[in-house]
Amino acid sequence: KMASGAVANAPPAGGATDVSLEEPKKMTREDWRKKKELEEQRKLGNAPAEVDEEGKDINPHIPQYISSVPWYIDPSKRPTLKHQRPQPEKQKQYNSSGDWYKRGVQEHAVATRYRKGACENCGALTHKKKDCMERPRKVGAKYTGMNIAPDEHVQPQLMFDYDGKRDRWNGYNPEEHMKIVEEYSKVDLAKRTLKAQKLQEELASGKLEQVNSPRHQWGEEESNSQTERDHNSEDEDEDKYADDIDMPGQNFDSKRRITVRNLRIREDIAKYLRNLDPNSAYYDPKTRAMRENPYANTGKNPDEVGYAGDNFVRYTGDTISMAQTQLFAWEAYDKGSEVHLQADPTKLELLYKSFKVKKEDFKAQQKESILEKYGGQEHLDAPPAELLLAQTEDYVEYSRHGTVIKGQEKAIACSKYEEDVKINNHTCIWGSYWKEGKWGYKCCHSFVKYSYCTGEAGKEIANTEASLMEEQPEEAEHMTKPKTLMEIHQEKQKEKKKKKHKKSSNSDSEGEEKKKQEKLKKALNAEEARLLHIKEIMQLDERKRPYNSQYETREPTEEEMEAYRMKRQRPDDPMASFLGQ
C-alpha cells in the first residue's frame, strides 16, 4: 500500500529536479485548530492578511483550493495566487499602436546586375520565377542582365490587440493634412490679390473719391452703409462656414454677434411635476413617457388640461377613425377587393363611406322587418323607468374629486354550499372559535356542536374553568418536595413487591384481556369499513363528492388508534405489496 501511494503521489514528468518532492507532514489537531482560528480572524479583519511571495495581500475570502499550490510544484506549500495569474511565457506579443505598414518605401537601389537566387524572369530578389507577376520575358533577366526589376517591399506581419485593431487613426500621416491646409491658404491668397486689384481699379476710376467728397457729406449714412457692406462681405468670406452654423444649444448671428440660447420655456412643466402624488400616473424615466393621465383623480376634465398623458393622443383626433379605416382595408382585402391605406387612401375612404351607409340601411331594414312581423314598436318608444318614476333605489355617494365612496360595490362571490346558517340562537357559525385543538362557537365559547347559545355567561364559565385548570398544576408543583435517595430506594422496593403480587393475580386479568381483544376486533372492522368508504369516495368525481360537515368530532380510543396503526400502509415497508394478498 505504501509503494502504491508513493507512485500515486509522484510528480508529473518534466517537473523541476532541484525541488525536493517529499510530501509535507500531516498537521496536528492543535495546529489545525490554530490555523482555522487565524483564518477566521483574517476574515473578520482582526488579523493582517496573508502575503504571497511577491508581497501582495491575499484576500482571506478566497477558497483554499484556489490559493493553495500543488505540493509537487512548491513543497513549502506557501499560499500564493501566482499560479492563478496569466503566465508571461504564454502571453501573446502584440505590436505597439505606432507600428503600421510602410507605404512607397524604396529600401534598396535598383540593381544593375543579376544576383544569385533572384527571379529568373525579372531579376527581383523577393520572389521566384513561379511567383513572378511580371509578363514572361522572351529571354529572362538571368541571361540578359537587362531591365532588372526593383525588389518589392515585404510588409511586416502586424498583430494588434483589441484596441489596436479598432484604432481608426493608426497609420495616419498628419503631413497629408498639411497639403489641404496649403491648398486653402493658396485660395485665400488668390482672393486677396483679386480684392486688391478691384480696389486699385476703383481708385483709378475715381469711384471712391466721389464717396468721400464734401458734396456728399449729407449722405454720410450711405457711405457708412457701403463700408459696412464691404466689411460684412469680408467677414462672410472669412467666416463663411464657421459663423453660419448654429452651435448646439445656441443661435449665433454673424451680423450682430449675439448668442441666443435655446432654453426651455418656463411655462412648460415637466411631466413628473404635474402631479406630485406618488399614486398618480407612472413616469418612466428611461423613455420619458407618462402614458396615463396625471390629473385622473383630481376631477379635472381631460379636454381642459394642457397635458393628459401620452395615451390621450391615441384616442383623440383622427387616430380612431384611422385605425377603423385600416381595419376595414384588411377585411376588404381578405374578401377580394384590392385596397390599401397608404397606396390609395382616397379610394379606400370612399369605399368605407359607402360601406357604412349600406350597413346602416341594412340594419334599419332588418329592424323594420322584425317589427312588422312581431310588433312591439310602442315598447321601444317608451321612456326609461327612471324617468317614468322620477326616482331610483340605487344609492351612490361621491367624493369631491368624483371617486365613488359608497354604492356600486362588487358583490361577494358565494359558493354552492349554504353559508352563514345560524341555529339555536347563535350569532356566530360553528368553527368561528378555536382553542387547544377544538372548534367551537365564538359567541359563547362552546365546544359542543348543535348546543344552545349561552352568550356572555358561557364565555365567563369557560374562562373560569381554564383559569382553574392552570392553577391546579401550579399548586401541585408547590406541594411536591425533592425526595432523598433513601425514599427513592424504598419506592423502588415497593414497586418490585407490587409486580410480584400482580403475577399471582394474572388469572383475574385474563378476562380483561379478552374484553380488550374483542374491542380491538371491533375497531379493526370499523377501520376496514372506513378505508373502503374512503376508496369509494376517491373514485367519485370531485364535484359529486359529499360535503364532510356532519362529521363527529371526538377523541379516538386506544383500540381505534391501535387498529389505525395496524392497518396503516407504509410505503418504505418491503412487505407492503404482500399486505392485500
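Helix α9 (319-334) has 16 residues, which at 1.5 Å a residue should span 22 Å, and this agrees with the 23 Å between its end C-alpha atoms; the expected span is 1.5 Å times one less than the number of residues. Helices here are DSSP runs of H or I with at least four residues, strands are E runs of at least two, and both are numbered from the N terminus. The model is predicted, so local features need pLDDT of at least 70 and side-chain atom pairs pLDDT 80 or more, while totals for chains, interfaces and linings use all residues. Residues are numbered from 1 along each chain as its sequence is written, and side-chain values use heavy atoms, without hydrogens and water.

Within α9, Thr325, Gln326, Phe328, Ala329 and Ala332 are buried (under 20% relative accessible area, with exposed meaning over 50% and partly exposed in between; 1.4 Å probe, protein chains only). They cover an arc of only 160° around the axis, which puts them on the same side of α9; the arc is taken from the directions from the helix axis to the C-beta atoms. The cover over these buried residues includes α10. Trp330 and Asp334, both exposed, sit on the face turned away from the buried side. Just after the helix, Gly336 adopts a positive phi of about 120°.

Further along, Leu341 lies in the loop between α9 and α10 (345-374) and, at 12% relative accessibility, counts as buried. Leaving out residues up to four places away in sequence, Leu341 touches Met322, Thr325, Gln326 and Leu348 (contact meaning heavy atoms within 4.5 Å). The C-alpha atoms of Leu341 and Gln326 are 6.4 Å apart, although 15 residues separate the two along the chain.
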